Amino acid sequence: MSFFLYFGIGLVLPAQVDSLSPNFLNEVAPILSLGGCNQGACHGGLHGKGGFKLSLRGEDPAYDYDALVKQAGGRRISNPIPSESLVVQKAIAKVPHEGGKRFKENSIPYTLLVNWIAQGSLPPKSWDPGITSIEIVPKEKLLVGEEKEFSIRVMALLKKGGVRDVTSLVAYDSSDFGLKPTLDGKVVCDEFMEGTLAARFLGKQAPIRVIRIPQETKSLPPFQGENFIDKAVYQKLAQIRIPPKGVCSDSIFLRRAFLDLNGQLPTPQEARAFLADKTPAKREKLVDQLLDRAEFSQLWAMKWSDLLRNEEKTLDAKGVRLFYDWIRRSFQDDKPLDQFALELLSARGSTYSQPAGNYYRGLRDPETRAEAFAQVFLGLRIQCARCHNHPFDRWTQEDYHRLASFFSRIQYQVLENNRRDILDKHEFAGEQIVWLSRSGMTLDPRTRQPLLPRFPGGGETLSGQTPDWLLELGKWVGKKDNPFFAPAQANRVWFHLMGRGIVEPLEDFRSTNLPINPPLLNALAEYFTQKGYRLKPLVKAIVLSQTYQASASAPGDPDDFGNFAQAKVRSLKAEELLDGLSRVLDFPARFPGYPEAERAIAVPGTGLRYSAATRGADSSMAKFLQSFGKPSRSLTCECERSEETTLGQAFHMISGPVIHEMLSAPENRIGKLLTSGASDEKILKEFFLTALCRYPSVQEENQVAVIIKRSADRRHGWEDVVWGIVNSKEFLLRQ
Amino acid sequence: MSCSRREVLKTGLALSAGVFPTGLLNAAAAGRKKTKTVIFLHQWGGPSHLDTFDMKPLVPDAYRSPYKPAPSSLAGVPICDRLPQMAKVMDRVTLVRSVHHEMKNHNSAGYYSLSGYAPPSDDQRLRDSQELFPAYGSIVSKFSQRAGKIPAFCSFPHVIRDGSITPGQQASFLGKSYDPFFIGQDPNQAGFSLPELVLPDGVGSARLANRREMMDLVDRQTRLNEVNSKARGIGENYSRAMEMLTSTEIRKAFDLSSEPQAIRERYGRTTYGQSCLLARRLAEAGASFINVYFSPQIGGCEGGWDTHGFREKPMYPIMDKYLLPLTDQTLPTLILDLEDRGLLDSTLVFWAGEFGRTPKINNLSGRDHWPQCYTVLFAGGGIKRGYVHGVSDAKGAFPSLDPVRPEDLSATLFYSMGIDPKSEVRDSLNRPLPISPGKVIEPILA
């Protein structure tokens with residue numbers, strides 16, 4: 001979710017602002033945020049603007065005080081004539097200001113600034129703002145029909161007790177253009193939407209969720225049923241008055257289940273058998289079968305190999321295979337995910353004999369390790385806090401570096417390195433030992449003091465005597481007092497099955513990025529915890545819900561604002577597409593460097609070439625997979641896998657070598673069927689069943705007959721028909 | 001769907017227009033010449049400024065180029081006497097002689113030169129990942145409004161690397177749809193054609209029509225095109241690809257054999273020469289940003305400009321026989337050819353490498369990496385004709401007047417194309433970043 005800043009230009013005078021004797025910390029510092037002065041694009045950037053630098057989003061008011069009052073020879077402040085001060089003149093654009101007019105003359109911020117200067121531009125008595133948190137009232141707002149506007153209040157809870165109304169001093173970040181704060185605590189919502197508005201004041205944040213729905217929608221009847229997922233989804237849909245779509249057809253379900261659980265399409269026989277099955281429990285039966293297949297663990301090993309940077313350059317070919325096998329076996333055994341995390345975090349020794357250690361082999365410094373850990377296992381993007389406090393969340397620089405400190409003692413013994421490019425320090429080929437040194441801590445970037453590790457989210461700080469910090473971190477992952485793990489993992493599984501997270505983006509849990517349906521996320525996280533953090537029960541529960549089995553949206557369906565009333569249509573992933581072509585044509589694909597892999601989802605690494613020694617171009621297979629979004633695994637982020645559709649992809653399918661080779665191979669499914677003497681009707685059914693999981697319509701049968709008849713060569717005619725099938729949207733998309 | 005609205009927000013395009021002041025650009029850009037197409041001739045390896053466009057004849061022997069400065073068509077601006085054709089067109093160009101940065105390694109400096117963003121570290125083998133900034137052309141294809149059959153951003157004929165692939169040649173976090181249309185074939189080869197635009201063996205237009213008919217038949221059954229934006233997006237790309245495959249306009253743009261023999265010879269029958277010719281044809285056909293890479297390798301006897309003078313690769317013999325003649329044949333030819341066709345006012349040729357070379361000649365009679373001061377060249381578009389910006393010191397070691405950083409070059413390029421350098425994009429962490437953190441070099445604007 002994107003956030004952008006709103007500037008309050010010219011507010012009316014509020015109740016609880018002392019405009020006569022303003023305090024720098026409580027009144028002046030907030031207006032630097034309110035005016036947008038300290039954002040990254042302006043004076044908050046690394047180098048400031050026009051020689052004037054403020055701390056990013058006001059994270060360091062003492063620094064900002066110096067910048068305003070002392071730097072530049074004090075020329076920004078004029079005590080004799082406060083309104084002539086450069087900072088005031090710039091803010092109201094009386095003198096040229098690249099950032100334009102920030103405040104109106106005589107507005108509250110203007111008055112505050114001028115009065116503060118008039119009284120000597122003094123620093124505050126203490127740099128502690130004395131607030132514990134801020135709160136927005138209300139926390140949630142539903143607007144119906146033409147109702148577009150409502151009032152909010154923002155309260156700061158004071159350490160000494162009591163509250164202070166700071167409504168007119170907060171800055172806002174909004175998730176949508178249609179959602180805007182206006183004068184003195186009013187919010188306007190222009191569109192039918194669901195979004196978040198976050199208020200920000202002296203380093204504290206508080207969000208409010210706003211939904212606006214059209215009047216004409218009718219209320220829904222109460223939920224009937226047992227399923228906890230459907231119930232949570234329905235209750236939210238009832239709130240926005242959008243009924244869930246009905247359950248999809250057997251054909252759609254069959255294709256969905258095969259792709260989502262095995263990354264593969266069914267054979268014609270499997271499709272025929274499922275469609276012919278008349279027993280009521282056939283969907284559950286199919287799900288159980290698919291969960292038990294090797295392809296299930298291969299698919300999840302591929303997803304986790306993306307996240308754990310399983311790539312050839314750093315891990316080398318042997319390491320990639322070993323790490324992949326370890327990951328795949330973990331999913332095959334349905335190893336509890338907290339155990340999986342513990343084994344990765346506590347891995348030591350040779351990365352060849354202890355494959356889990358490849359996790360560290362790919363993450364060469366404490367900061368990268370901490371960022372990867374937080375993102376993969378906790379769903380947190382803490383990267384911002386490496387250099388400054390997180391602008392949209394509570395993470396401070398200290399939190400960041402205390403997390404990094406857990407990882408500060410990892411060392412490598414490089415037994416051999418036969419890198420092909422001696423200048424490339426990212427390349428490793430050969431055995432390495434991961435070991436822990438006895439000393440080492442990260443330093444606070446400001447004070448340069450060593451920082452002991454602390455569990456994220458205000459947990460315990462470990463002592464220097466604790467023998468193995470990472471073991472403690474590994475054990476903490478699955479503990480009850482870790483509030484991050486279960487929701488983050490439940491959200492990830494949900495994303496992979498539903499095409500959209502309950503928190504979006506997937507790995508960006510924060511106080512200002514609310515889940516679209518908190519009870520649903522809680523219920524899933526609780527279920528996942530109850531089932532011992534195992535993947536299969538959670539996957540099964542989701543796939544058997546009506547929510548998963550809902551149809552995709554049709555023309556005229558109302559917008560559900562991403563609340564899972566309808567199924568999301570997505571493109572096939574690169575590997576699914578290639579394996580799909582291979583399945584349809586019954587012709588094995590080959591993967592350079594991985595002769596053992598029969599399917600693209602079972603390729604352990606990226607298959608990319610990368611170094612001077614292999615300067616030759618990537619194989620056409622690797623280019624195909626990359627073009628359709630297979631990541632190079634150089635980041636720890638689901639976002640590295642591209643879901644975009646591009647011109648290059650169209651060329652791969654129209655004139656590229658990969659599909660042509662499969663289509664024209666004499667011994668492929670076309671060849672086999674023609675040799676067997678099958679009729680055109682029979683051939684068409686076989687292809688439709690495996691590619692689209694349905695039988696052809698009468699119209700399709702008739703037209704295909706025309707195309708085959710028209711073709712000079714029957715085989716060529718079939719190649720063209722199959723090309724048409726595998727380039728239809730129905731094939732390229734998962735509905 | 002609300003997700004699509006969020007996707008729009010993610011781009012940051014609307015953001016910069018809606019929330020941030022953009023008046024500066026419109027006010028200042030009024031009445032200025034505008035660049036429609038940039039041809040970026042990227043000089044991989046790092047050309048010596050001291051042996052080309054910033055001669056220092058008065059320095060001691062240990063520093064001095066064996067070449068002499070020779071007068072050019074731009075009064076008072078002599079250039080290397082081994083560039084006689086170039087000397088004739090100097091009145092059409094702007095030199096910036098005070099470019100500087102801190103990156104001493106090819107990949108980090110190369111990325112800087114291709115993206116206008118300083119790399120996080122001066123890493124010999126900076127990794128090409130989505131954390132790094134996109135190529136200029138990717139930014140331009142995102143922000144420019146031009147839409148034609150020719151892809152907005154084209155690059156050829158090499159992928160440059162020094163060991164690992166140099167970042168800054170792709171769209172990175174902007175997404176694959178802004179990647180360049182890359183041509184890996186050698187335009188100097190007989191029968192040069194694009195594999196994308198050639199149907200597989202045995203698939204003629206009749207069979208292509210059958211294929212489309214079958215695809216459309218299935219698409220009509222599901223009506224996904226009507227319902228789903230993803231399906232429409234795929235459909236649009238297929239139509240575009242089919243159009244390119246069958247369009248005579250596209251075919252012609254890429255058909256170098258239709259070019260008069262004399263012109264092909266003027267550019268030189270080299271990969272680089274014919275690439276420059278191809279660039280002109282694509283500019284004519286409506287491409288917005290074209291990256292032509294001089295060489296896939298940093299150095300060598302027929303590689304890039306990395307002239308340390310290592311054994312068997314002596315600097316000055318390579319300059320004499322290869323680097324300077326190649327430059328003198330192609331660069332002025334391209335500028336004059338654009339001018340002859342009336343394209344120079346709308347087409348900006350940008351000639352730059354990743355750094356310059358050491359003022360002092362090393363003990364191998366070569367010069368090493370020198371990012372502290374070097375020269376880049378502009379010709380055409382919205383940039384002045386016959387102008388020098390910035391001055392280097394007596395030895396060409398540091399800027400002594402008007403220092404310029406690579407991000408100022410990117411700001412100037414974007415600005416001259418009518419794109420506000422302050423426009424924002426969002427990286428993979430959703431951080432707002434200006435497309436250029438630099439300042440427009442106003443004195444060189446035409």
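Okay, quick definition before we start: two strands count as paired here if DSSP finds at least two bridges between them. Keep that in mind, and remember that what you're looking at is a predicted model.

So, bridges. Take P181 of chain A: its bridge partner in β9(A) is V187(A).

Which strands of chain A make up the open sheet here? There are three, in the order β4-β9-β8, and the pairing is antiparallel. On the edges you have β4 (149-151) and β8 (179-181) of chain A, each with pairing on one side only. On average, neighbouring strands in this sheet are turned by 20° against each other, if you ignore direction.

Okay, domains. Chain A splits into five pieces, including domain 2 at 131-213 and domain 5 at 574-734. Domain 3 comes in two segments, 250-296 and 490-569. And how far apart are domain 2 and domain 5 of chain A? Their C-alpha centres are 50 Å apart.

Last stop, the packing. The largest nonpolar core has 205 residues, and the members touching the most others are V154(A) and V722(A). Helix α10 of chain A, residues 312-332, is the top contributor to this core, giving eight residues.

Technical notes: Residues are numbered from 1 along each chain as its sequence is written. Chains are lettered from A and ligands numbered from 1 in the order in which they are written. This is a predicted model: local features need pLDDT of at least 70, side-chain atom pairs count only at pLDDT 80 or more; totals for chains, interfaces and linings use all residues. Domain bounds come from an automatic or database domain assignment. Helices (H or I, at least four residues) and strands (E, at least two) are DSSP runs, numbered from the N terminus. Axes are lines fitted to C-alpha atoms, for helices over the stretch in contact, and angles run from 0 to 180 degrees between N-to-C directions. A nonpolar core is a set of buried Ala, Val, Leu, Ile, Met, Phe, Trp, Tyr and Cys residues joined through C-beta atoms within 7 Å. A residue is buried if 20 or more other C-beta atoms lie within 10 Å of its own, exposed if 12 or fewer, and partly exposed in between; C-beta atoms are placed from the backbone.
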